[in-house]
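This report covers selected side-chain contacts and a metal site. The sequence and coordinates are shown first.

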Amino acid sequence: MLFLFAIAALLVTSIVGDSCESYSHPQYGKTGKCIQTSKCSNSNYISNLCESQPADIKCCFSAGTTTGTGNCPSIISRAGWGARAATSKTNMATPVSYVVVHHTTGGTCTTKDSCISKMKGFQNYHMDSNGWADIGYNFLVGEDGNVYEGRGWSLVGAHCIGYNSKSIGISVIGDYTSLKPNTAALNAVKALIQCGISKGIIQSNYILRGHRDLDSTSCPGNTFYAEIKTWPAYRSVQRIGSTPSFNTPEDYLVMQDM
Ligand SMILES: [Zn+2]
């Protein structure tokens with residue numbers, strides 16, 4: 001036991017002496033921490049800054065760490081938009097491997113007040129008309145550039161059959177059939193995903209998909225769908241060289257993914 005304490009004391013002492021924490025990263029500033037590279041998402045680390053540590057301990061910067069919230073956009077909480085309480089909750093096992101992107105259809109919103117009004121409308125519709133426990137999506141994003149908390153990071157959503165318990169569902173408020181979301185909204189979606197990775201909720205090697213990849217729907221709209229297909233994490237569901245179909249049975253798609 002004494003021996004273990006001695007080792008621990010030695011480690012603590014040595015961490016203090018590393019240059020990692022005082023190194024100013026050109027993009028992330030002085031956010032470095034000496035951790036195992038396997039826990040540093042996006043391989044966002046620099047070698048040779050954790051001089052006293054074993055070889056697999058490297059200087060990881062905040063955009064890539066699995067702890068901390070330094071990379072998260074501001075999120076309007078449920079209390080912040082006046083959400084009703086959920087009628088039931090199911091915890092989700094994390095980290096999840098998928099992010100599923102949606103649009104809400106209907107009008108967009110470009111101010112916080114108008115987005116909050118829409119949030120309440122979605123929640124009322126999902127709970128009162130659909131009979132769901134809560135608003136369906138994990139998060140929504142407005143063209144005001146804000147992220148609005150739906151079910152949040154830790155609960156199973158109701159947004160994509162077969163994927164609710166293994167994905168974070170993000171919906172941009174508006175109809176993106178012929179226009180794509182504005183830059184503020186697109187940036188907010190990207191920042192939210194990075195935030196989820198930094199919290200250890202979304203796997204760093206996650207797969208990004210549009211709702212239409214996984215069910216018979218036009219969601220998230222032709223133009224937004226074309227946009228997300230250009231993002232690095234997007235992967236087609238078609239792994240065996242056939243033509244994409246909107247009518248592939250859900251169970252078949254799930255089996256392909258496992
Ligand atoms: Zn959808």
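Tyr98 is buried in this predicted model, because its relative accessible area of 5% falls under the 20% cut-off. A search of the whole structure finds 4 aromatic pairs. One of them joins Tyr98 to Tyr163 in an edge-to-face arrangement. This pair links distant parts of the chain, with the two residues 65 apart: Tyr98 belongs to strand S5 (residues 96-103), whereas Tyr163 lies in the loop between strand S7 (147-149) and strand S8 (167-172). Tyr163 counts as buried, at 0% relative accessibility. The ring of Tyr163 also has the charged end of Lys166 over it, 4.8 Å from the ring centre.

Tyr225 and Tyr234 form another edge-to-face pair. Both partners are buried, Tyr225 with a relative accessible area of 10% and Tyr234 with one of 11%. The geometry of the two pairs is listed below.

| Aromatic pair | Centre to centre | Angle between planes |
|---|---|---|
| Tyr98 and Tyr163 | 5.0 Å | 85° |
| Tyr225 and Tyr234 | 6.2 Å | 85° |

Which residues coordinate the zinc ion? The donors are ND1 of His102, ND1 of His211 and SG of Cys219, at 2.1 to 2.3 Å. Along the sequence, these donor residues follow the spacing H-x108-H-x7-C. His211 counts as buried because its relative accessibility is 12%, under the 20% limit. Cys219 is likewise classed as buried, at 7% relative accessibility.

Terms used. Residues numbered from 1 in each chain as written. Predicted model: local features only at pLDDT ≥ 70, side-chain atom pairs only at ≥ 80, totals over all residues. Heavy atoms only, no water. Donors = N, O, S within 2.8 Å, 3.2 Å for Na, K, Ca; no water. Buried < 20%, exposed > 50% of the residue type's maximum accessible area, 1.4 Å probe, protein only. Phe/Tyr/Trp six-rings, centres within 6.5 Å; stacked < 30°, edge-to-face > 60°. Helix = DSSP H or I, 4+ residues; strand = E, 2+ residues; numbered from the N terminus. Lys NZ or Arg CZ within 6 Å of the ring centre and 35° of its normal.
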